[in-house]
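Welcome, and please open the structure in your viewer.

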Amino acid sequence: DDCEDDGSESHEDIKARADEALRCAISRFPSVIRHMLQKNNVNVTGRSFDRDWPTVLGPLDQLNYSSNTASVEKIVSIFVERNHKLWSGDDILSWMYSACKQVSEEPNTHKNEPEGENNTIPAPSSPSPGLDRYR
């Protein structure tokens, strides 16, 4: 079974893969973060020593991909509605904040440039045209 751990991969390797997967997901669908935080009643205007949400949410809000269509936003809202409780724990919020901070500090996060050599985060592929019927 592919899901079983045969002991060949270290805890650090697994964590690094999970961290990268979360950063990639945030880069591709940054609107999920604000919706998830709002659904979990997280104060996104306050600042603390642990989490300064305003400094990471601003750059994430500036990410503007062409795939942010009504159908993608509908899927985001369904994802948030079904999964928000899984993302409400303090340890999970710390992990999410850390990943958001790393994504927001990437050089191309602050610009809405077309994909090119200066853009290191690949733009997500467009959703299936069949999703448009769910608008």
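Start by selecting helix 2 and helix 4: helix 2 passes helix 4 in a right-handed crossing. Keep in mind as you look around that this is a predicted model. Helix 2 covers residues 31-39 and helix 4 covers residues 70-83. Their axes come within 10 Å and cross at roughly 40°.

Now show the side chains where the two helices touch. From helix 2, pick S31, V32, H35, M36 and K39; they meet E73, V76, F79, V80, E81 and N83 of helix 4. Colour this contact by residue type and you will find five nonpolar, three polar and three charged residues.

Next, turn to the aromatic rings. How many aromatic pairs are there? The count comes to two.

For one of these pairs, select W53 and Y97, whose rings sit edge-to-face. The centres are 5.1 Å apart, with 85° between the planes. W53 belongs to helix 3 (residues 53-62) and Y97 to helix 5 (residues 90-104), so this pair ties together parts that are 44 residues apart in sequence. Are these two residues buried or exposed? Both W53 and Y97 are buried.

For the last stop, select W87 and W95. Their ring centres lie 6.1 Å apart and their planes are at 5°, so this pair is stacked.

Notes
Residues numbered from 1 in each chain as written. Predicted model: local features only at pLDDT ≥ 70, side-chain atom pairs only at ≥ 80, totals over all residues. Heavy atoms only, no water. Phe/Tyr/Trp six-rings, centres within 6.5 Å; stacked < 30°, edge-to-face > 60°. Helix = DSSP H or I, 4+ residues; strand = E, 2+ residues; numbered from the N terminus. Buried < 20%, exposed > 50% of the residue type's maximum accessible area, 1.4 Å probe, protein only. Axes fitted to C-alpha atoms, helices over the stretch in contact; angles between N-to-C directions. Left-handed = near helix turned anticlockwise from the far one by under 90°. Contact = heavy atoms within 4.5 Å. Nonpolar A, V, L, I, M, F, W, Y, C, P; charged D, E, K, R; others polar.
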